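Take a moment to look over the sequence and the model, and then follow the explanation below step by step.

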Amino acid sequence: MTEAAPADDRPPAPELMITGDLLSRAKGGDRAALGALMERYRPRLVRWASGRLPAYARSLLDTNDLVQETLLRAIEVLDSIEVRGPGVFQAYVRQAVLNRIRDQVRWARRRPGQDGVPETLEDAAPSPLERAIGTETLDRYERALARLTEDDRRLLHLRIELDFSYEEVAAITERGSRDAARMAVQRALRKLADVMGHER
Amino acid sequence: MSADDKLDSLAGSVSDGRPVDWVHEETEANVDEESGVRALRDVSLIAEFSRDLQRGVIDEDATSSDERAEDVASEVPDDDK
């Protein structure tokens, strides 16, 4: 089976992969490791967040800033993140960014409109992703995702949401090969579809 | 092909980013497969949107994203929005 080309044409340099080793070094205060962590993950996370941030909330805080701040906070509290396996950092940061987006949306919705009256929830335009697939479908996706195992969630985040290649997914999640990563993602997708299907 | 095989194959296509004729798949789906096929179609839209965003097909600024969102949204049946 053929795989669509990865977003980033540059082959992933092993030293830039977000592996358990890199995370350990970052936790230990290795500035190069911290920088690599940011460099490798931040651009994709910014693009991912840009699809989930409604325009009215995005104008209040640049998506780059939101992700940058969240990543820096995550790195600051690295010691308190329970690393149960490879890819846990990404799962933690995904949730942290999602929480920041939700906070931002809530704040933007509460702020007064031009006439001084708070804007209502109905006034709020959806995010680009919500416009693409519908709020209800996105909610069902998020609920189903929450019911999967941590490993399945991070596989889908890396492959489906961040478009990492199977080789990169294998490296990040410390699987032996691209085929093993592909099979794991496929299984996670099946589980997700089963949960979403039962919710209809 | 069993329901499991069919859904596994579709999940593989979604993961690989290969195009799927969803209208055909939904039409051909039996009762056991129907909900899974529809869920995978929904996830494929998320995957397609995310892929386009990551590869720069969708501009990160709001206007362009909204335009692309409308393009993808046009592929979703009205009853799913």
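Two residues are in contact if their C-beta atoms, placed from the backbone, lie within 7 Å. By that rule, among the contacts in chain A between residues at least 6 apart in sequence, 63% join residues at least 24 apart. The model is predicted, and local features need pLDDT of at least 70, side-chain atom pairs count only at pLDDT 80 or more, and totals for chains, interfaces and linings use all residues. Residues are numbered from 1 along each chain as its sequence is written, while chains are lettered from A and ligands numbered from 1 in the order in which they are written.

Chain A has ten helices and zero strands, where helices (H or I, at least four residues) and strands (E, at least two) are DSSP runs numbered from the N terminus.

Helix 2 (residues 31-52) of chain A and helix 4 (residues 63-76) of chain A have axes that come within 9 Å and cross at roughly 140 degrees; axes are lines fitted to C-alpha atoms, for helices over the stretch in contact, and angles run from 0 to 180 degrees between N-to-C directions. The two helices are therefore oblique to each other, since angles under 35 degrees count as roughly parallel, over 145 as roughly antiparallel, 65 to 115 as roughly perpendicular and the rest as oblique. Among the residues that meet are Leu37(A) and Ala49(A) in helix 2 of chain A, and Leu66(A) and Leu71(A) in helix 4 of chain A.

Turning to chain B, Leu40(B) touches Ala193(A), Leu7(B), Leu10(B), Ala11(B) and Val14(B), leaving aside residues up to four places away in sequence.
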